[in-house]
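Hi,

Here is the model I promised to pass on. Have a look, and my notes follow below.

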Amino acid sequence: MNGPHDMGGMHAFGAINPEPEESEPLFHEPWERKALALTLACGALGQWSIDEARSVRESLDPALYTSSSYYQKWVEALTRQVVEKGLLTSEELETATVRQMPEPGRYRVLNAEAVDKVYSAGGPTSMDIDNAPLFKVGDLVLARNMNPIGHTRIPRYVRGHVGEIVLWHGGHVFADDSARGIRRGEHLYTVQFMARDLWGPEAAAQDSVMVDLWEPYLEAP
Amino acid sequence: MAHDHHGDEMTEPPSEMALRVQALESLLVEKGLVDPKALDVIVDRYENRVGPRNGAHVVARAWTDPDYLERLRADATAAIAELDYTGRQGEHMVVVENGPKLHNLVVCTLCSCYPWPVLGLPPAWYKSSPYRSRAVIDPRGVLAEFGTMLDEDVEVKVWDSTSEVRFLVLPERPEGTEGWTIEQLIPLVSRNSMIGVEKARPATGAAA
């Protein structure tokens, strides 16, 4: 979707003002620790994919999205997801009281003992797919001018531009479908776009931006 | 905004966010959906055990071991796994090498994708709107803000992490470090140099 999260190339957000690496705390508020841990632990229940989680975050009201800190966005999104998936009800959240316990054994809960094993294993998104890739390294491709209402990972700033395939990653879970709960693969490529093609003559002639794009985002130029 | 650890703020009531997170946690724990001890282990893992020292180890090894560098180029995920750095948000790794005329910079314009097994959780600025918006359109301005000035003839490549592939920048080895061991080199490899906003720390001033 053309949401507030698709920020590449926007102006007016101002300076970065990075905190020095040596003194920046990992968490700036104590609750951020719990926001991270709850988001991961709830994700481990397997009720939604990472793409669904991203989709919920980027569907937040644009004014809320741009005015919230990153972990605030996570909490907003997590609150919506636990209600949408029936883990908590709105009434339980409003009253801070449990109304109904889940059926025993319905959910696979992440135990403390399993945390390191689960996160050290991760969840690869590569998958074997039957069809051969349409493109190969060195090919020029056009990033489609597409504006899907649902989740997508093709940033607005490359749409309609021609780039060159520099890496082919094989089949990967296609984010747009995964965000709708459908796990299927498409060929994934890294595409190099020259900065001047994207941003005009003020960009340095030799500079470029590499973007990972799935095959459905691409066509022959 | 800052309800943090300063002593004179101890009497402030918890922020709205703190209360909301507390309420979520209480309900989820009471319903048996979240193991409170698991929350502690997750925080400990990413606060104390998985961080940029892992990536610095990968870089220092690549600087000192040409065979390892070759394996890193051929299959970064496997080469990084040799050092036991694996898992979530690093399942598919690509290493991009800086050189005298090439500078790589990593961003996630759409959210906050970042190679957790080698760098830990991203710093706040990496997830901020200014960095996400500007890195692709004004990389040289962004680099200047970090004090990184490049010659005009250097090529800048920006890697926007739009899939589950994660990028680690291999910074240039600082001059004057010939013969240094991996342990001596690791402190020169800043987190920021592996994101690409800075170069590795100079040998000057570091314990040789």
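This is a predicted model: local features need pLDDT of at least 70, side-chain atom pairs count only at pLDDT 80 or more; totals for chains, interfaces and linings use all residues.

Strand S2 (residues 102-107) of chain B is largely enclosed by the rest of the structure, because five of its six residues are buried (20 or more other C-beta atoms within 10 Å of the residue's own, with C-beta atoms placed from the backbone). Strands here are DSSP E runs of at least two residues, helices are H or I runs of at least four, and both are numbered from the N terminus.

Residues are numbered from 1 along each chain as its sequence is written, while chains are lettered from A and ligands numbered from 1 in the order in which they are written.

S2(B) runs parallel to S3(B), joined by six bridges (strands pair if DSSP finds at least two bridges between them). In that pairing, Asn104(B) stands opposite Lys157(B). S3(B) also reaches across to the other chain: four bridges join it, again in parallel, to strand S4 (residues 208-214) of chain A. There, Trp159(B) is the bridge partner of Met210(A).

As for the interface, 67 residues of chain B are in contact with 74 of chain A (C-beta atoms, placed from the backbone, within 7 Å). H1(B) gives the largest share of chain B's side, 11 residues.

Finally, chain B is assigned domain 1 (14-48) and domain 2 (51-195), with bounds from an automatic or database assignment. Their centres, taken over C-alpha atoms, are 31 Å apart.

Cheers

Terms used: Two residues are in contact if their C-beta atoms, placed from the backbone, lie within 7 Å. A residue is buried if 20 or more other C-beta atoms lie within 10 Å of its own, exposed if 12 or fewer, and partly exposed in between; C-beta atoms are placed from the backbone.
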